[in-house]
Amino acid sequence: MRIVLLGPPGAGKGTQAQILSKDLNTPHISTGDMLREALKAATPLGLKAKKYMEKGALVPDKVVIALVSERLSKPDAMKGFILDGFPRTPEQAASLDQSLEKLCMPLDLVLYLKASLEVVIRRLSGRRVCSQCGKNYHLTNFKPTVDGICDNCGGKLFQRPDDKEETIENRLKVYERQTAPLIEYYKNKKSLYEVSGDKEAKLLNLDLMDLFKKKGLLSLRYERN
Ligand code: ADP
């Protein structure tokens, strides 16, 4: 299955992508995660991306397009992928179309997670992330058992620098200006499906599974499980 997740920051793209990736045994390709890893490892790519990410601005198209093209050419992506955070501009969408056409791998679905401003601001400002395994928590909605410590691996939780209030505002503006036009783009291509990003993650996941079944996208093996 080849899926793109579209929607504002905080709509739950990463959360749904993680669940779907496990359930469908399909790679989760998150440009945000890839860039954060590059930043942590202080690679030339990470150093280039740092100043944009800290401000909540987009990393230049050329850089991100090269990163995704390389990732999509890896063998595991041949059986499918869940793209999270890419494409984010019309240029990126056009480039993705071209690459997939060359590989004869059209997209099955673009899932638009529509979420209200109030919900995304609440989610982003309360989000805390494990510094070791990357698991997400929330100060009120999804607390760890011990304050500030990851249930999964015992790592310390921290606030992503771009989840600070001033930066959230900029990310939302950037989304409206540069990414929201892709909703129309994929609507015109008839591949867009809108779902509610305001819903609790497990409920939204059930909606998505229903949608996949209706579209005949789930393998028999999966449906029997
Ligand atoms: P969110 O969707 O919550 O804003 P991500 O983790 O997807 O966060 O991305 C974090 C940051 O990484 C973005 O604000 C941006 O600076 C950079 N980034 C991620 N994906 C892209 C992309 N496709 N194009 C340009 N920049 C990107």
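These legends walk through several close-up views of a predicted model.

**View 1. How confident is the prediction, element by element?** Start with the whole chain before zooming in. The protein has an average pLDDT of 93, and 97% of its residues score at least 70. Strand β3, residues 81-84, has the highest mean pLDDT among the elements, at 98. At the other end sits helix α10, residues 220-224, where the mean is the lowest, 51. Where pLDDT is low, predicted coordinates should not be read in detail.

View 2. Now for the side chains of R36, R88 and R171. For R171, a side-chain N or O atom is 2.8 Å from an oxygen atom of the ligand. For R36, the corresponding distance to a ligand oxygen is 2.9 Å, and for R88 it is 3.1 Å. On its own the ligand would expose 550 Å², and the protein buries 96% of that.

**View 3. D162, tucked into a loop.** You'll find D162 in the loop that runs between β7 (157-158) and α7 (165-179). Is D162 buried or exposed? Its relative accessible area is 12%, so D162 counts as buried, the cut-off being under 20%. The side chain of D162 makes a polar contact of 2.9 Å with the side chain of R160. Setting aside neighbours within four places in sequence, D162 touches M53, T167, I168 and R171.

**View 4. The buried side of helix α6.** Helix α6 covers residues 117-126, and V119, V120, L124 and G126 are buried in it. What covers these buried residues? Among the elements doing so are β5 (127-130), β6 (136-138) and α7.

**View 5. A cis peptide bond at P87.** The bond to look for joins F86 and P87: this peptide bond is cis, with omega about 0°. P87 belongs to the loop between β3 and α5 (90-102).

**View 6. Two loop residues with positive phi.** N25 isn't a glycine, yet its phi is positive, at about 50°. N25 is in the loop between α1 (13-24) and β2 (28-30). With a relative accessible area of 53%, N25 is exposed. K190 is another non-glycine residue with a positive phi, this one near 60°. Look for K190 in the loop between α8 (181-188) and β8 (192-196). Why is K190 called exposed? Because its relative accessible area is 72%, and the cut-off is over 50%.

View 7. D97 lies in helix α5. Beyond its neighbours within four places in sequence, D97 is in contact with Y185 and K189. With K189 there is a side-chain to side-chain polar contact, 3.3 Å in length. For a sense of scale, take D97 and G134: 37 residues apart along the chain, they have C-alpha atoms separated by 30 Å.

Terms used. Residues are numbered from 1 along each chain as its sequence is written. This is a predicted model: local features need pLDDT of at least 70, side-chain atom pairs count only at pLDDT 80 or more; totals for chains, interfaces and linings use all residues. Side-chain values use heavy atoms; hydrogens and water are left out. Helices (H or I, at least four residues) and strands (E, at least two) are DSSP runs, numbered from the N terminus. Buried means under 20% relative accessible area, exposed over 50%, partly exposed in between (1.4 Å probe, protein chains only). A polar contact is a pair of N or O atoms within 3.5 Å; within protein, one must be able to donate a hydrogen and the other to accept it, and residues adjacent in sequence count only if both atoms are side-chain atoms. Contact means heavy atoms within 4.5 Å. pLDDT is the predictor's confidence in each residue, from 0 to 100. Accessible areas come from the Shrake-Rupley method with a 1.4 Å probe; for residues, only the protein chains shown count as cover.
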